Amino acid sequence: MPNQSPTDNIWEAMSTMRAMRRLKPDPVPDDLIQKILQAGQWAPSGGNTQRWRFLVVRNPEVKKQVQAYYSRLYDEQVGPRYASSAPPPGSDAARYQRQNAAVKYLTDHYHEAPVWIVACLEGGENPGRTAGSSIYPAVENMLLATRALGLGTTLTTRHTSYGKEVDAIFGLPPGVQSYAILPIGWPMGNFGKLGRGPLREVVYGDRWGQPYQGA
Ligand SMILES: Cc1cc2nc3c(=O)[nH]c(=O)nc-3n(C[C@H](O)[C@H](O)[C@H](O)COP(=O)(O)O)c2cc1C
């Protein structure tokens, strides 16, 4: 059954929150963006430092300049990877091909999403294991809020391969980096079942390789 509906049920939101890459250009009201931003700011951060900064981008020129890099990266990295890699767990060749088609669609239409939220972090780059760990919880909260409102988005990080160039387009000052761009709009398609492998194949008990009873 088609599912484009908003939901306040977190289990329904999580289990149907597909990457929505085909978006209508129709405007998204400010009060909904406000709710999404608030959800982002409710996230945890290391030491409660709250060094996130969110950029709301509606300017077509700014989006178009960034899309040029996003598109270049499809040609340089993403397209070739899809052409040569196997489908991930829970997918198959046909599904993977549809995923690539959607990825290409978003690449070509990235700038047409009416609103972007750019998730940034202040305080210098961290090359260690915790890189991004104080911004991605906020990003996930915003993804879930977007789904709850019946809006579509996808977590995108591709632009970071041209991070310096893209951050300059956004006018970020030294010491601030962008970690994700969420292109937000009303979805053309439906939310629905996610393709993931069996849970038991990714969970161990006590020590690596030992089965976990219950998964
Ligand atoms: C760290 C990260 C970066 C991602 N970057 C991109 C991106 O740049 N472009 C894109 O189209 N999707 C991107 N995605 C979305 C993933 O491709 C998507 O979550 C995955 O295919 C599962 O999709 P599904 O939830 O619809 O099954 C990214 C996801 C994550 C977690």
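**Ground rules.** I number residues from 1 along each chain as its sequence is written, and side-chain values use heavy atoms, with hydrogens and water left out. In this predicted model, local features need pLDDT of at least 70 and side-chain atom pairs count only at pLDDT 80 or more, while totals for chains, interfaces and linings use all residues.

**Ligand.** I looked up the residues around the ligand (a heavy atom within 4 Å) and found 14, with Ala19, Arg21, Tyr70, Leu155 and Arg196 coming nearest. I noted that this shell divides into six nonpolar, four polar and four charged residues. Here nonpolar means Ala, Val, Leu, Ile, Met, Phe, Trp, Tyr, Cys and Pro, charged means Asp, Glu, Lys and Arg, and polar means the others, Gly among them.

**Atom distances.** I checked the side chain of arginine 21 and found an N or O atom 2.8 Å from an oxygen atom of the ligand. The side chain of arginine 196 likewise has an N or O atom 2.8 Å from a ligand oxygen. At threonine 157, a backbone N or O atom lies 3.3 Å from a nitrogen atom of the ligand.

I then asked where the ligand sits, and it is in the largest pocket. A pocket is an open set of points on a 1 Å grid over the protein atoms alone, where a 1.4 Å probe fits, with protein on both sides within 12 Å along at least five of seven lines; lining residues have an atom within 4 Å of a point. A molecule sits in one if more than half of its atoms lie within 2 Å of its grid points. I recorded a lining of 20 nonpolar, 15 polar and 11 charged residues for the largest pocket.

How values were computed: Polar contact = N/O pair within 3.5 Å; in protein donor to acceptor, adjacent residues only side chain to side chain.
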